[in-house]
Amino acid sequence: MSKKDYILNSALQLSRQIGFEALTIGGLAKSVGMSKSGLFGHFNSKEKLQKMVLDYAATEFTNEVIRPALKTPRGLQRLDQMISNWLNWSTTQKKGGCPFISAIIEFDDRPGEIREHIKHYQTMMLDSFAKAVDLAVEENELAKDCDSQQFAFQLYGYVISFHVYHRLLGDEKSQERFLDAYTNLKFSYSPEEL
């Protein structure tokens with residue numbers, strides 16, 4: 001891991017615990033054992049630090065959730081693999097929760113570059129899931145009238161619920177509840193001929 005990757009990974013782990021707004025160059029410098037001025041040379045501003053951490057988190061998510069699923073045959077098998085990868089990515093975080101959910105809560109009503117950056121990544125993620133749904137429709141594994149954007153909307157609602165039940169409430173059945181909801185969602189869009 002390069003020094004820059006080490007710093008960004010440390011910043012990501014820190015933001016998972018304290019949020020993006022509380023993430024500062026001074027706090028990160030203390031966390032990684034560097035001087036504030038030395039770290040400032042890498043980022044120049046708190047906003048640039050926040051954007052680079054979001055970029056780093058998005059790359060991590062893509063590499064661990066989306067890309068591996070693309071090796072799976074298109075259709076429900078690929079969508080299922082994306083969900084499995086996402087659950088693994090979400091539940092293996094040692095401390096703190098999803099960096100994107102934290103960022104959404106903090107910046108959803110605050111105009112500016114950080115909000116637009118988060119919006120960009122959330123749109124890309126939702127489009128990835130909707131595209132997988134569209135492919136499942138093309139493979140006749142979901143009904144022809146399946147609205148992939150509605151499917152992605154409902155699925156993301158389950159993701160948020162899972163996050164709350166798993167991380168905040170410590171519900172031991174949170175993953176089972178999520179998978180049941182996801183299975184019911186797929187069933188609700190089953191092709192009529194099945």
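A residue counts as buried when its relative accessible area is under 20%, as exposed when that value is over 50%, and as partly exposed in between. Keep this scale in mind for the tour below, which walks through a predicted model.

**The chain as a whole**

Let's start with the overall picture. The secondary structure comes to nine helices and zero strands, so reading from the N terminus the elements run α-α-α-α-α-α-α-α-α under the DSSP-based assignment. Along the principal axes, the C-alpha atoms fill a box of roughly 65 × 35 × 30 Å. Of the 194 residues in the chain, 43% are buried. The accessible surface comes to about 10,600 Å², and carbon and sulfur atoms account for 52% of that area. Contacts tell a story too: among those between residues at least 6 apart in sequence, 65% join residues at least 24 apart.

**Salt bridges across the sequence**

Side chains of opposite charge can pair when their charged atoms come close. With a cut-off of 4 Å between a side-chain nitrogen of Lys or Arg and a carboxyl oxygen of Asp or Glu, the count here comes to nine salt bridges. Three of them are set out here.

| Salt bridge | Closest N to O | Sequence separation |
|---|---|---|
| Arg74 and Glu139 | 3.0 Å | 65 residues |
| Lys186 and Asp80 | 2.8 Å | 106 residues |

How buried are the two partners? Arg16 has a relative accessible area of 4%, which is why it is classed as buried. Glu60 is buried as well, because its relative accessibility is 15%.

The bridge between Arg74 and Glu139 joins two loops: Arg74 is in the one between H4 and helix H5 (76-91), while Glu139 is in the one between helix H7 (113-138) and H8. Arg74 has a relative accessible area of 36%, so it is partly exposed. Glu139 also comes out at 36% and is therefore partly exposed.

Lys186 in helix H9 (residues 174-188) pairs with Asp80 in helix H5, so this bridge ties together parts that are 106 residues apart in sequence. Lys186 is buried because its relative accessibility is 16%, whereas Asp80 is partly exposed at 29%.

Beyond these pairs, a network of salt bridges links Glu21, Lys46 and Arg110.

**His117 and its neighbours**

Helix H7 also holds His117. Its relative accessible area of 17% is why His117 counts as buried. Which residues does His117 touch, leaving aside those up to four places away in sequence? They are Lys51, Leu54 and Asp55. With Asp55 there is a polar contact between the two side chains, at 2.6 Å.

**A nonpolar patch on the surface**

Finally, a look at the outside of the model. Ile160, Val164, Tyr165, Leu168 and Leu169 form a nonpolar patch on the surface, and together they have about 460 Å² of accessible area. One member, Tyr165, is placed in helix H8 (residues 148-168). Where does Tyr165 fall on the scale of accessibility? Tyr165 is partly exposed, because its relative accessibility is 36%.

Technical notes: Residues numbered from 1 in each chain as written. Predicted model: local features only at pLDDT ≥ 70, side-chain atom pairs only at ≥ 80, totals over all residues. Heavy atoms only, no water. Patch = residues over 30% accessible without salt bridge, like charges linked within 9 Å, V, L, I, M, F, W, Y side chains within 5 Å. Areas by Shrake-Rupley, 256 points an atom, 1.4 Å probe, with all protein chains shown as cover. Helix = DSSP H or I, 4+ residues; strand = E, 2+ residues; numbered from the N terminus. Buried < 20%, exposed > 50% of the residue type's maximum accessible area, 1.4 Å probe, protein only. Polar contact = N/O pair within 3.5 Å; in protein donor to acceptor, adjacent residues only side chain to side chain. Contact = heavy atoms within 4.5 Å.
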